[in-house]
Amino acid sequence: MLLFDVLNPLWWLSVAIIGFKLFAFVDAAFRREDAYRAADKKTKGFWLIVLGLALGLDLLLGANVLGNFLTLIGLVAAIVYVVDVRPAIKQITDGRGGGGRRNIGPYGPW
């Protein structure tokens with residue numbers, strides 16, 4: 001029976017959606033809390049709850065792409081995080097998730 005699932009393109013789409021949500025959740029977990037506030041986005045806790053619920057519901061209920069409206073809502077939340085929040089935070093943290101600060105002055109590094 002598993003062989004028929006692996007050959008099904010919707011199964012692969014479901015795996016890709018779960019992988020994308022997992023990437024968004026792990027990325028949100030490793031970003032600094034103050035970077036969310038500095039980027040004027042929602043808090044880190046908010047994004048961890050939203051992305052965690054989206055991932056958890058898919059893992060518990062299954063990521064049925066065609067029949068599960070919650071899968072699509074969670075996918076939209078993950079896309080918003082990856083397309084909007086993540087680039088803003090990366091710009092503030094200079095691409096480093098939890099790293100420290102570099103010595104950068106108003107005219108460049110020193």
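A residue counts as buried at under 20% relative accessible area, as exposed at over 50%, and as partly exposed in between (1.4 Å probe, protein chains only). By this criterion, buried residues make up 31% of the 110 residues in the protein. The model is predicted, so local features need pLDDT of at least 70 and side-chain atom pairs count only at pLDDT 80 or more, while totals for chains, interfaces and linings use all residues. Residues are numbered from 1 along each chain as its sequence is written, and side-chain values use heavy atoms, with hydrogens and water left out.

The protein has 5 helices and 2 strands. These are DSSP runs numbered from the N terminus (helices: H or I, at least four residues; strands: E, at least two). Their order from the N terminus is α-α-α-α-α-β-β. Contacts are heavy atoms within 4.5 Å. Of those between residues at least 6 apart in sequence, 70% join residues at least 24 apart. The accessible surface (Shrake-Rupley method, 1.4 Å probe) comes to about 7300 Å². Carbon and sulfur atoms account for 69% of this surface.

Helix α5 comprises 24 residues (69–92). Its expected span is 1.5 Å times one less than its number of residues. The result is 34 Å, in agreement with the 34 Å between its end C-alpha atoms. A kink of about 35° lies at Val-85, shortly before Pro-87. The bend is the angle between axes fitted to the seven residues ending at a residue and the seven starting there. Val-85 is also buried, and other buried residues of α5 include Gly-74, Tyr-81, Arg-86 and Ile-89. Their cover includes α2 (9–30), α3 (33–38) and α4 (44–61). After α5 comes Asp-94, with a positive phi near 60°.
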